[in-house]
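Please take a first look at the model shown here before reading the notes that accompany it.

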Amino acid sequence: MRTSSFHSLVFALLASASLTAIAAPVNPPEVMKVPLVQDVATEAQLGKVDLNSADAPTLQRELAGVGEAKAKAIVAYRDSNGAFASIDELLEVKGIGKAILDRNRDRIEVN
């Protein structure tokens, strides 16, 4: 009696496992999506923003965490103190902290 119960249990387990495998949905292969048109904003991000020549709208648009007021403060600092000698000098601008500088370090340059 035990043997037949055991065999019945094993049969039921294997049958349900095979039905589950057969009924499982098949994922379609991933289709590679190729952009037909290149995004102009993506191309613009490849170039760095020069702190000594960029205007306020450009700074606002290209730098993360820099709004209109901070962009104008950068330009005002540059106008009153002369050209930036290094990227770290940006910390002297009111409203620009280490977090904003670190977030944008790879996007800015000083020429």
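## Basis of the model

This is a predicted model, in which local features need pLDDT of at least 70 and side-chain atom pairs count only at pLDDT 80 or more, while totals for chains, interfaces and linings use all residues. Residues are numbered from 1 along each chain as its sequence is written, and side-chain values use heavy atoms, with hydrogens and water left out.

## Overall layout

The protein has 5 helices and 2 strands, where helices (H or I, at least four residues) and strands (E, at least two) are DSSP runs numbered from the N terminus. Read from the N terminus on, these elements follow the order α-α-β-α-α-α-β.

Of the 111 residues in the protein, 23% are buried; here buried means under 20% relative accessible area, exposed means over 50%, and partly exposed lies in between (1.4 Å probe, protein chains only). The accessible surface comes to about 8,500 Å², and 61% of that surface belongs to carbon and sulfur atoms, with areas taken from the Shrake-Rupley method with a 1.4 Å probe and, for residues, only the protein chains shown counting as cover. Among contacts with a separation of 6 or more, 46% are between residues 24 or more positions apart, a contact being heavy atoms within 4.5 Å.

## The nonpolar core

The largest nonpolar core has 19 residues, and those with the most contacts inside it are Leu-59, Ile-74, Leu-90 and Ile-108. Such a core is a set of buried Ala, Val, Leu, Ile, Met, Phe, Trp, Tyr and Cys residues joined through side-chain atoms within 4.5 Å. The elements that give two or more residues to this core are α3 (56-62), α4 (68-81) and α5 (98-104), and the largest share, 4 residues, comes from α4.

When residues up to four places away in sequence are not counted, Leu-90 touches Leu-51, Ile-74, Phe-84, Ile-96, Leu-101 and Ile-108.

## Charged pairs

Side chains of opposite charge can pair when their charged atoms come close. A search of the whole structure finds 5 salt bridges, each being a side-chain nitrogen of Lys or Arg within 4 Å of a carboxyl oxygen of Asp or Glu. One of them joins Asp-88 and Arg-105 at 3.0 Å, N to O. Because Asp-88 lies in the loop between α4 and α5, and Arg-105 in the loop between α5 and β2 (108-109), this pair ties together parts that are 17 residues apart in sequence. Asp-88 is partly exposed, with a relative accessible area of 42%, and Arg-105 is partly exposed at 34%.

Another salt bridge links the side chains of Lys-98 and Asp-102 (3.2 Å, N to O); the two residues are 4 residues apart in helix α5 and are therefore separated by about one helical turn. Lys-98 is exposed at 57%, whereas Asp-102 is partly exposed at 39%. Asp-88, Lys-98, Asp-102 and Arg-105 are linked in a network of salt bridges. Arg-61 and Glu-62 also meet in a salt bridge, at 3.3 Å, N to O; Arg-61 counts as exposed at 56% relative accessibility, but Glu-62 counts as buried at 17%.

Glu-89 lies in the loop between α4 and α5. Glu-89 is buried yet has no salt bridge, and the nearest side chain of opposite charge, Arg-78, is 10 Å away (Lys and Arg count as positive and Asp and Glu as negative, while His and the chain ends are not counted). A polar contact of 3.2 Å joins the side chains of Glu-89 and Tyr-77; a polar contact is a pair of N or O atoms within 3.5 Å, where within protein one must be able to donate a hydrogen and the other to accept it, and residues adjacent in sequence count only if both atoms are side-chain atoms. A polar atom of the Glu-89 side chain also lies 2.7 Å from the backbone nitrogen of Ala-85.

Asn-52, in the loop between β1 (49-50) and α3, counts as buried at 17% relative accessibility. The side chain of Asn-52 reaches the backbone oxygen of Asn-111 at 3.1 Å. Leaving out residues up to four places away in sequence, Asn-52 touches Arg-78, Ala-83, Phe-84, Val-110 and Asn-111.
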